[in-house]
Amino acid sequence: MQELYQQLFTWSTQDVDDSISGVIIHALGMEHVLVERFNQLRSQMELYVSHEVEMDAVIITALLFKILI
């Protein structure tokens, strides 16, 4: 999920927003309905990725704790 998020929403350079959102804004305008939908998707994916990272940390901590005991 993290890789998909990065491919969709990160810029390849600092100067040009070539993310999917940037392409939509450039092609269709800031007010187009797809801009809002992709912003919602981005927010949902950010929550999912955040949760995924937290769960990985919990699993690693549990495994380390088990090894140390």
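Tutor: The mean pLDDT (the predictor's confidence in each residue, from 0 to 100) of the chain is 91, and 100% of its residues reach 70 or more. This is a predicted model, in which local features need pLDDT of at least 70, side-chain atom pairs count only at pLDDT 80 or more, and totals for chains, interfaces and linings use all residues. Residues are numbered from 1 along each chain as its sequence is written, and side-chain values use heavy atoms, with hydrogens and water left out.

Student: At what angle do the axes of α1 and α3 cross?

Tutor: Axes are lines fitted to C-alpha atoms, for helices over the stretch in contact, with angles from 0 to 180 degrees between N-to-C directions. Helices α1 (residues 2-9) and α3 (residues 33-68) have axes that come within 10 Å and cross at roughly 150°.

Student: How do the residues of the contact of α1 with α3 divide?

Tutor: Contact means heavy atoms within 4.5 Å; Q2, L4, Y5, L8 and F9 of α1 meet F38, L41, R42, M45, E46, V49, E52 and V53 of α3. Ala, Val, Leu, Ile, Met, Phe, Trp, Tyr, Cys and Pro count as nonpolar, Asp, Glu, Lys and Arg as charged, and the others, Gly among them, as polar. The contact residues divide into nine nonpolar, one polar and three charged.

Student: What does the C-alpha trace of the chain span along its principal axes?

Tutor: The chain follows the pattern α-α-α along the sequence. Along the principal axes, its C-alpha trace spans about 60 × 25 × 15 Å.

Terms used: Helix = DSSP H or I, 4+ residues; strand = E, 2+ residues; numbered from the N terminus.
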